[in-house]
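Dear colleague,

Please find the structure below, handed over for your records. My notes on it follow directly after.

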Amino acid sequence: MFVEDPSGDAPDNKIIHQILKSRMKKLFTLTFMVLAMTLIYATSIYAQRTISGIVTDDSGEGLIGANVLEKGTTNGTITDLDGSYSLTVADGATLVFSFTGYTNQEIAVGNSDVVNIQLDAGELLDEVVVIGYGTQSEKEITSSVVKIENKDFNQGPISDPSQLLQGKVAGLQVYNRGGDPNGSSVIRLRGISTVGANAQPLVVVDGIIGASLDNVDPNDIENINVLKDGSAAAIYGSRGSSGVIIVTTKSGANKDGRVQLNYSGQIASGTPVNGIKVMTAPEFVAAGGTDLGSATDWIDEVTRTSLTNNHSISASGGSGVTSYRVSANIRNVEGILLNSGFNQFNTRINFSTRALNDKLRINFNSSFTNKDQELGFQEALRYAVIYNPTAPIFGDASPYPFNSEQFGGYFETLGLFDSFNPVSLIKQNSNRGNRKEFNYTANLNYSITDNFSANFRIAQQNNKFDNKKYYATTSLFRGGATSPIRKGQAELYNGNSSFDLYELYGTYTDSYGSTDLTLTGGYSYQQENFDDQFFSIGDFPNNDLDFLNAIENAQDLLNAGLIGANSNASPDSKIIAFFGRANVTINNGLFVNASVRYEGSSKLGEGNKWGIFPAFGIGADLTRYLNLDNVDQLKVRLGYGVTGALPAQNGLSQEGRALVYDGANGGASTTLTRAANPDLRWEQKRETNFGIEFAQDRFSATLDLYNRDIQDFILLRTVDIAEFGVDKRVENAGSLNTKGYEVALNYDVLNTDKVRYNTGLVFSGYSTTLNEYVIDAEMRANLGSPGQNATSMIRIKEGDEIGVIWGPVFNGVLEDGSPDLADVNGDGQLVVGQDKALDENVDFARLGSGIPDIELGWSNQISIGDWSINAFFRGAFGHSLINTFRAFYEPQLSTQSSYNYMNTALREEGLTTARFSSLYVEKADFIKLDNFTIGRSFDLKNSNSFESLQLSITAQNPFVITNYTGTDPEPSLVDGRDVLSPGIDRRTNYFATRSFTLGVNLKF
């Protein structure tokens, strides 16, 4: 392995180092490929035998899906519908049998070819949980870790794998407000984890650190482990500060040469739900709106009943010590907005084998995704809400002479600010994208002795995104249809990113009397690169061609200064780390875990590139030491961990310069825009977590209490120009504290031979206080145009909780149509100017909080014979949303009689002045039925072709109970990229969707 300083190389060694580095990478890859092929061939020379049998419960019934594992290996299978299994193992092997809710049992094979076993119920199953760089028995974990199996995932047309976890893990927030099929969910684990760095949790897929969830088909996921607290995530150093989500994909099962085929298909239909309430044409005219003689439901014109279909097929099998799984998925998704959705093809292969007397385990995983996107224009939804409902769609229905040919046959209300025909916008223009993602992981694990193994991992991920936009010459929206000289615009963008990972670590396991010890230590090298290019050109002759593919016809080529071009390339962004961990179990009841990671990053200042991230945890199963009748588990644990966070950008510790052109002389020079900071260091998070786990008979509960302190935000600050030569510099400043709780409850209400009913409830809450900041207080998050750009709605202040919505209090309507604002402090003087928002005597108040007090998920799983019912409810309470649609378009301004008005139950009659106040801040508490699925299973084992069939129907978002008048009451945790300004429902949000899905699962 190569070890280098992440800061780079000395100038005289740079060329030599780059040559050596390149050759070392090639050597590693070539060596791995040759070794893997050689050892795969070698697997056929060792003694093996096939064991078969049946796994039953205490009543003699076969257990479906029980795990059968060759001890000390990853070679295993699961039982079929009648509990039968078949597995090829090495001579002298021991089989481990396990099933949820039953006691694990181990059987030495000996000379037997048939091993039947009955599992006993009544004891907790000691599940294995994936953690950083290894696995650990669930009972031994001293940190907050949650494992979600695929059977517990959310159902329905899932386009983003993160939605599988929505509401399933206490403390994990997953929100895709509105349901844009091309949008990414906002994911937060225990609230705000950073201000100046990446706030999304780290995703690890089959060992690839920082992997993309977009490259994982939900049908390929076996389970997901969530590392929630600092002591669990510290092993990942700077990348684990916002928590870690570990995804394990499905692997092949040994089938003695037989191939197991599985097909899964879905077809779904979606419709808009809780649309924005606006006036109809008659209501608009009666309210004094400009009558253009037509009646158009613009929201209905730009939305549709969407149709989505998804087809997945997989083949798995193996022989001897070799197993594989190959899968492919085709997903065609339509959004409810016209011209939005995507067509996606995804394929994945998982391959594993053993060699050298089963001492060497070889695992190879790879996936490829191609996604063609119709990105559409969400602006069409905003204009559909505000466009005159009496306006016609097409120009030939205009009430006055109108040159509709100039606008592609469509009508436009010319001369108005920010007013565009939404149908023309969505149908004349195009916005398409393409994503290609490829990754692979190769893992070699060699058992040097019975106690010590070495693991080498190499992984790579490459992402490519292309975006092409075209605004037609006849489009008023960005196409310049009214311009006398320049019409039409084409924009082309492409971006490429890559990630390389090389890791080598060893694991030592041994027992000393009643003490079990596991030591792990290793090295990690990560490198990221990114480049992109943007090009825009316009002034096309007509709409006869798709000029995205004929830009040579643009008249901009003949005129200087009109073509836009931009390109960027990052330097090598490196993270180098050394890590170690110790896990100690004493008397099977006391558990101690400790880890440390020493990590360096090329993104930080010369004096602070390296950081140390320690973690420690202790836990005890009190049932081992206390006489607790009928209590299966009472475990307490305490963990503490330190993690870091890095900025998204490179070079922030260095000077920032801008290129300045000299138009007169044709030359160019640079000017200083940002001062260097060689002392720029890690943003740091310190977290303490206390947890209790309890289980008694059919009931289990988990409680976590945590306290986290985050300090040294990486922020662009205003500095003394006399000292630094410029007034801007990136520095470490600020701190915040988060306190929270998480509760998970589970109960088997019924558990008989014919009927089973399990219910689970998770809920959590937290509060985050800004202790220090670059200034004492500030207002942020402008309301926007028209007319309210100077109106800020969120106050951040040292000592305050994050998420405070701050503004005047609405008290009614005055005779002149203006709002009557309250004298909050009662001093007889009304001070409500935006420039006075932070003054002590201002008549502003806390109008709400963008952060919910409590979030919950309630799951219900019922099985009656071959039938199954799953109902999952989700809710959030205590948060507010600023309804910006109402703030702009509910007051009946005389100057806005050509724009439609909002028509909610909160509308104030006679209000003719638009001014932000508490009137537009709404409580957004909600409870919704997120998923409801009914399924029927059919045993087809007597068939010559099929083993089983399952049919299902799923309703997603069938109903929502809320008083919020907007389209979606779910919390808005971030405003653009501003994590300090939650609680704003912007006018650009996609509408919420309700869908119904028919599904089929067929096993061959």
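Over the ring of which residue does the charged end of Arg190 sit? That ring belongs to Tyr706, and the charged end of Arg190 lies 4.1 Å from its centre. A charge is taken to sit over a ring if NZ of Lys or CZ of Arg is within 6 Å of the ring centre and within 35 degrees of the ring normal. Lys168 provides another case, with its charged end over the ring of Phe872, 4.1 Å from the centre.

Please note that this is a predicted model, in which local features need pLDDT of at least 70 and side-chain atom pairs count only at pLDDT 80 or more, while totals for chains, interfaces and linings use all residues. Residues are numbered from 1 along each chain as its sequence is written, and side-chain values use heavy atoms, with hydrogens and water left out.

Confidence

The average pLDDT (the predictor's confidence in each residue, from 0 to 100) is 87 for the chain, and 93% of the residues score at least 70. Residues 7–21 stay under 50, and the model gives them 11 contacts (heavy atoms within 4.5 Å) beyond four places in sequence. The pLDDT is also below 50 over residues 23–46, a stretch with 26 contacts beyond near neighbours in sequence. Where pLDDT is low, the predicted coordinates should not be read in detail.

Aromatic pairs

The structure holds 35 aromatic pairs. Rings of Phe, Tyr and Trp (its six-membered ring) pair if their centres lie within 6.5 Å; planes under 30 degrees apart count as stacked, over 60 as edge-to-face and the rest as tilted. Tyr598 and Trp610 are stacked, because their ring centres are 4.8 Å apart and their planes stand at 20 degrees. This pair links distant parts of the chain, 12 residues apart: Tyr598 belongs to strand β28 (residues 590–601) and Trp610 to strand β29 (residues 610–621). Strands here are DSSP runs (E, at least two residues), numbered from the N terminus. Tyr598 is partly exposed at 36% relative accessible area, and Trp610 is partly exposed at 28%. Buried means under 20% relative accessible area, exposed over 50% and partly exposed in between (1.4 Å probe, protein chains only).

The aromatic pair of Tyr741 and Phe763 is edge-to-face, with 6.4 Å from centre to centre and 70 degrees between the planes. Tyr741 lies in strand β35 (residues 728–751) and Phe763 in strand β36 (residues 755–772), 22 residues apart. Both are partly exposed, Tyr741 at 29% and Phe763 at 22%. Elsewhere, Phe377, Tyr383, Phe420, Tyr471 and Phe477 form one aromatic cluster.

An open sheet

An open, antiparallel sheet is formed by 4 strands in the order β3-β2-β5-β6. At its edges stand β3 (76–78) and β6 (105–108); each has a single partner strand, so one side of each is left without a neighbour in the sheet. From one strand to the next, the twist averages 20 degrees, an angle between N-to-C directions (from 0 to 180 degrees) of axes fitted to C-alpha atoms.

Strands count as paired if DSSP finds at least two bridges between them. Strand β2 (residues 67–70) pairs with β3 over 3 bridges, and Val68 stands opposite Thr77 of β3. Between β2 and β5 there are 4 bridges, with Val96 in β5 as the bridge partner of Leu69. Strand β5 (residues 94–98) is mostly covered, 4 of its 5 residues being buried. Its pairing with β6 is made over 4 bridges, and Thr94 stands opposite Ala108 in β6.

With kind regards
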